[in-house]
Structure formats: C-alpha cells, structure tokens
Amino acid sequence: TMAFRHKNTRRIEGLDSNVWVEFTKVAADPSIVNLGQGLPDISPPSYVKEELAKAAAVDRLNQYTRGFGHPSLVKALSQVYERVFGRKIDPLSDILVTVGAYGSLFSTIHALIEEGDEVIIIEPFYDCYEPMVKMVGAKPVFIPLRYKNDGNSASSADWVLDPAELANKFNSKTKAIILNTPHNPIGKVFTREELQVIADLCLKHDTLCISDEVYEWLVYKGKKHIKIATLPGMWERTITIGSAGKTYSVTGWKLGWSIGPQNLIKHLQVVHQNTLYTCPTPLQEALAQAFWIDYKRMDDPDCYFYSLSRELESKRDRMAQLLQEAGLKPVVPDGGYFMIVDVSTLNVDLSDVAGKQPYDYKFVKWMITSKKLSAIPLSAFCGPETKRQFEKYIRFCFIKKDSTLDAAEVILKNWNKQTA
Amino acid sequence: QTHFLSLSLQAKMSRPVQARRLEGIDKNIWVEFVKLATTYSTVNLGQGFPDFPPPDFLKEAFMRAISGENHMLHQYTRAFGHPPLVKILAQLFGKLLGRDLDPMTNVMVTVGAYQALFCCFQAFVDEGDEVIIIEPFFDCYEPMVKMAGGKPVFVPLRPKAPKHGKLMSSADWQLDPAELASKFSERTKAIVLNSPNNPLGKVFSREELQLIADLCVKHDVLCISDEVYEWLVYDGKEHIRIANLQGMWERTVIIGSAGKTFSATGWKVGWTVGPNRLLQHIRTVHQNSVYHCATAAQEAVAQGFQRELELYGKPDSYFVQLPKLLQQKRDWLVQSLDALGMKPIVPEGTYFLVADISEFKSDVPDVPDSDEPYDSRFAKWMVKNKGLAVIPLSTFYCGAHKNNYNHFIRFCFAKEEATLKAANDILQKWKREKTSS
C-alpha cells in the first residue's frame, strides 16, 4: 500500500468529540419530545421572515457584501447598542458580524489568545469554550458556580462564584475570562455586584473579558441584564457577543456579532478576513431591517426583545411546574431558555449500563429510549474536575411551542405515576 | 503609576494584545480595493461576483425555504451539512468521480469555499509544514497557511510566447516540471491546486495534473483542490478533477462553491468532498469554529442541484447555459481589449481575464524604489481617474514576487452587457485621449 502519513494537526488533537453530534443524532427521531438542543420550535416573528423574502428578491443582495459586516446591519447594530451600552459605537470599527455568536467566540479567541495563555472559564459553561481555548494552545482554568444552600427555592440566583476562589484563579498568565450572562445552562443573570467582582479582577490583572450575552433580551421579571462592558474600565478590555439566532428565534440564520473597542475588534477582523471573509448578504440585510423595526419601538412593550421574554417567562413557569409535579426540583432560571434539574432524586439505577460515561449521559440516553423525552447532560458543560459534581443534573430547553410542552407534560405525569 | 504594578503585570501590558498567529496576515487588498471601487467606480470589473442575478429556479427555491410552511428551516440544521444538500452533493460528485459517496462522511458543507480552505489548512498544516502554492494564486491561500504556522513555498506559472499572430492564452502559462519537482521536500504537507485558476483562467490539462499527481504520490503529499469554477470552462475544454487520477482520491480534498456554481456569491455556501479519513479532521475544525451553516440557503442550493442533476448535460442545464453565456462575454471583452491595445490573455475558464497594460503605462509613471507594485498604483489611478475598477495581478503573488508580473490587471467579466459596454467606452475614450495628446 502507498505511504500515507497524514493525520490531524496538533491544534485539534482531542477536540473531535462533541456532545451535540452525539445527542442531536439520537434525538432526531420525531417520536421523541425534544427538549435537548437549544433551538426554538416556535416560528420566528413573521416580519423577520418577510424581511428575508424581501432581501432575497433584490439581485445585488445575492452577491458579496462588506466583509466585516453588511453596512445596513452594522449601522442598525450600532444604533441599538448605543442605546444599550450608553456610548457611541462606530459601526465600521467597533463591530464585526460573524457566523453566529459561535463565530464571534472563535474570532475573539483566535485573535486575542496566545499559546500558553490561561483563560478562565466559569462552570458549567457552553461547551465550545473549552475546545476553542485549547485549539489556540491556551489553558482553560475552570471555576465552578456553586449552589449556596440558602433556603427552599432553587433559583439560578442561588448559584454563585466564591470571590476568593475566583481571585485565586487569576495570575500573570491570565489573558481573559469568559463570562456568559444570562448563563447557559443555569439561566443565572449576574448581578451588578457579581460583575463588579469580576471587573475588579480584570482591572487588577489586566485581563480581557469575553462576554457571551446571546440571551441578553431573555431576562425575566425582577431581573436586569447588565453589560459588564459598561462597568468602569471595562469597555476597553471587553468583547461583547450577541446573536441573531437568540434575539429573533432564527438559530438557522447563524449570524452573530462582536462589539468592542476598535483596538480589539480590528484583530477579530483580521481573523475573520482569513477564515471566512464575509457572512451571507440577504440574511444580514433582513436582520438589519428587523432591527430597525424593533429599534423604533424600544420604548414600547410590543418590541420583540420584550415580548419574546414575556412569552418565554410563562413557558419557564410551566416547565418548572411540570418538573415539580413530577417530584423534581428544577433550578428556576432568571434568564435564558434553559432549565436544569437534579434527577438523582428519581433514583434511576443505571449501574448495569455499560460504558464509562457520567451518570447524566447514561440517564439522558435512558430517558430518550424509555421515556421518549430528550434533554442534555450537564457534565457536557464541565471541566474534568467537576464532572462528578454536575453529573446528577440534566438541562431542558423550554423555547418550545405549547404542543411540545403538552407532550412533555404527558410524559412527566406518567412518569410520576409509574414510580409512585 | 507603573511602580505600583508587579513586574509580571508590566510585562503583560507591554506585550501586544493580539496573538502571534496574526503576524503578517493583517493586510488585505480587498478591503482597500473594495472601498476604492465603492467610492470611485462607475464600472466595477474588480471583485469577482456577477452583477446579474442567480437563476430564477434558485431564487424560487430560496423563497420557498424562507416563506414556506416549514418554519424549522429558520433553525439549526445538521452541523456538517443540511441532509438534502449533502445527499445531492454526494450523488452528483459520486457521478463525477465514479465513486459511491456517503453524504455523511464524504461531504461537508462550509460557509463558502473560503471557509472550506480555512478548515483544510487548520486540519492538516502544523507549525513548520510546507505548503506549495502555484502563482498567481487566490490571495487567501498564503495568509491561511501562515495562520496555521505553515510555510508557503511558491512556484510560478511562467508565460510562454504564444504562437505567431495568436493572442496569449491562459494555457500558455505553464509550470516548469523540474522547477515544480524541486519544491517538494520532506516537509511538504500539501499543494494547493486551483483549476480553473483565478486569476489567469487556466484550466490545467490532464498532463499537467498528472505531473502534480505523480509528485503528490511520490512524496505522500495532500492536494487541496480548489475547483470553485469547475463549471466555467470554455471552447469545449474539459475540467478534469485531479481526484480522478490514480492514487489521488485518498489524498485530495475537493472544494466547491454554490456562489460560483449558481451565481449567488452572497449566499456563502461551499463544500468539501473527500475520503472520510481526511474529512473527519475537517469536521473537527468546523465543529470548533463555525459549527453550523445557515439552513435556508442550503435547502435552496439542494433544490438547485436536484434540478441540475436531472438536466445534467442537457441544453437547459444551468451548467451548460452559464458557461455559454460567459464565453460570449469573454470573447467580447477579449476583442475590445485587443482593439484598444490592452493585450488580453484569453482565459480557458473562470470569469476572470488578465490583460497586459504596458501600452497604457505612460499615464501612470513608474516610481522607482516604490514598495507598491506598479500595477497596484495603476489600478488605483484608473479607478480614481477613469472610474473603472479592476484588480492588479500583483495581488495574486507573494510579497517577494509582486514585481515579477506587475504590468497586468484582472477583469471580472461576469457582468451584464451594459456594464461591459460601459467599460469599453471608458477605455476607448482613454485611448482616444492618449493618441490625440
């Protein structure tokens, strides 16, 4: 046989497995009630779809646009975010449009993180942070959110960082900390005080902050989303990431953006021009138009940014109730569209299930086959040290239409009956 | 205040904020030239995109995907490629390659061919690996190799004099076999092949491909085959896929583009085709960089391909009609440039044409010791003063070789008749001004 020495590069060694590849395949069966992967099965608002149809009908909008972001989109983003950040944002130099927030995370990490750097990641974390940091030859340093046993109600607010523990994670090699608020999977909305603790450390150690705020509009009653970049000294060291998929319930559009100071964004732009160069034009134009519509009504409760949040709050409450009625203790999220729940109280014995996977992986696979209900195991969102701590939790996604939640209700009610 | 900071913090603050992998790859001529074209041009034959729309059947498919009953086409699809699209690509390329292709493992969809190239370099090029790039080359190959820590090794296509009385053809630009062989070393990881070639329009012949293939097999080198212009070949020429040559399927990644295939560059849908043992690593890069590609356009492209597969080889096929249409435009532009004294190199493929501007040099004087190549200054002067945007050929050469072929400019002729006529008017007027002055 011919010689063939070609294997993968060092940078992707060990990065081939992925929880989604495993679980989206398993849950693709239409008979399964899918509360796993975070995608809406509700329709995007009709004006959003209409704007895409309008854009696609314009000939020149089917050809290349400006690499760093379609002009009308970066203009619209700058207007919306000037209001939100309370500062001037230059559409051409302070914004980069990317293929989803995923693409923004990738561009930021590749632009600003050097081999040998350390990057602090708060556990549980959206799973791509770890492999992306490893791919640039940097070292992920994990710190878990810990449940403070403060009473009966389990809320995402009960999950906190220990300030002393956090401070210990910072050293001269710490290039950045990745913050995700509202948080996936727990749904925590970091308070101003909590953000200040992080900001103080960033300033003290000259550390960057990569702030994944894709769920920024999905914040429930009584809570407020605060942008860490608005804290003193933070704008100059923060990249704030947003997502059209989460803002407008169009995950399949894969458009996101990074906003920050020019001296940081320019490096993300260099990565972008050497990775995929431009994002699709008609989608960007449609998104720009949708943003103008909602920008004009940002003081109106009918603005989609707020109406979606209200719609999801009632789904959140329903989901929490269903789980409680099934004898479970869900962690009620203050934001986002995910809810985690400790399933160890169900006492499902999986010790005879083969394989070395953590308990929650086995539990979800068992739940999919025997209960026809899917979720995502929480240990997928943890570093190696904390997998045991989180392996009794699974994550449900509740941005689902009523009939999906009805079907989940049936399963959960019957489950309870069987174990009674 | 620095005396309050620890030494390690001072050291940190004195380091550049950006990563070393960005060194030397921050410049990009497109950013500059696209801006110039937007600001000054009345006729834009610069950047490579059609100014005519995608075909109706494709636009209709997109509309159906956007506004149809299935609103889930606005949500994530399969990360490695929307099932209907990978299935039809596997069918079509299976036919073209004479192989049974598995849509799940032999095909992966990307955000344009650009992202496919990126995934290939990240998947296979480690620090210190050498990658052979044939000049002139689509300019992103060099910075992508560098970003992966690799070392680009350049080998030029060299122009041979055309037959007496004939115009130069892209076929007259050839590799020197001995020179090519000398570029292969034990550090050579891959060679990038682009056929049909941007910017020259060269369509590599079977013999030329065999030359490359023999070296790849001999040295166990991968071939990254950028075939985005695969359907745009003229004069009855055949686009030959290097993966079909003996020993090449197992070491080749083929890259394609819906933007070029269906005149929809703004959709940014591309793909890789190859053996699973290579594609598995490309999937790893993809899942850690972009992960999903937009759904609706993939659905539309799948339907476009369905139609083309049914009409394959028939006169109504877009793959037959588009090259026919573009060949006419090519011939028209060749004629008009020839008449003006701007010597065209007749392209065998793509929608680009390179022309020698030596006759027009008097308007833009040479500046000795300038570090900007002549053709770049010429192109900038031309867009600002004549309103006609083109791209200088030196763009497609590495830094050290930018002055080797610095009196050529590249035109894109995938333009409406009116656009091409307007370009001709500008050049004719310019010629008249020169001869009368």
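**Ground rules.** I note that this is a predicted model, in which local features need pLDDT of at least 70 and side-chain atom pairs count only at pLDDT 80 or more, while totals for chains, interfaces and linings use all residues. Residues are numbered from 1 along each chain as its sequence is written, chains are lettered from A and ligands numbered from 1 in the order in which they are written, and side-chain values use heavy atoms, with hydrogens and water left out.

**Confidence.** I read ipTM 0.96 and pTM 0.96 for the model.

**Backbone.** Most residues other than glycine have a negative phi, and most peptide bonds are trans. I found a cis peptide bond joining B:Glu135 and B:Pro136, with omega about -5 degrees. In chain A, the bond from A:Asn184 to A:Pro185 is cis, with omega near 10 degrees, and A:Pro185 lies in the loop between strand S7 (174-180) and helix H7 (192-205). B:Ser263 has a positive phi, near 55 degrees, and sits in the loop between helix H9 (258-261) and strand S10 (270-273) of chain B.

**Helix pair in chain B.** I looked next at helix H12 (residues 318-340) and helix H14 (residues 417-436) of chain B, whose axes come within 10 Å and cross at roughly 5 degrees; axes are lines fitted to C-alpha atoms, for helices over the stretch in contact, and angles run from 0 to 180 degrees between N-to-C directions. H12(B) and H14(B) are therefore roughly parallel to each other (angles under 35 degrees count as roughly parallel, over 145 as roughly antiparallel, 65 to 115 as roughly perpendicular and the rest as oblique). Their contact (heavy atoms within 4.5 Å) includes B:Trp332 and B:Leu337 of H12(B) and B:Leu420 and B:Leu427 of H14(B).

**Helix pair in chain A.** Helix H2 (residues 46-56) and helix H10 (residues 281-296) of chain A pack at an angle of about 135 degrees, with their axes 8 Å apart, which makes H2(A) oblique to H10(A). Among the residues that make this contact I noted A:Tyr47 and A:Leu52 of H2(A) and A:Leu283 and A:Ile293 of H10(A).

Technical notes. Helix = DSSP H or I, 4+ residues; strand = E, 2+ residues; numbered from the N terminus.
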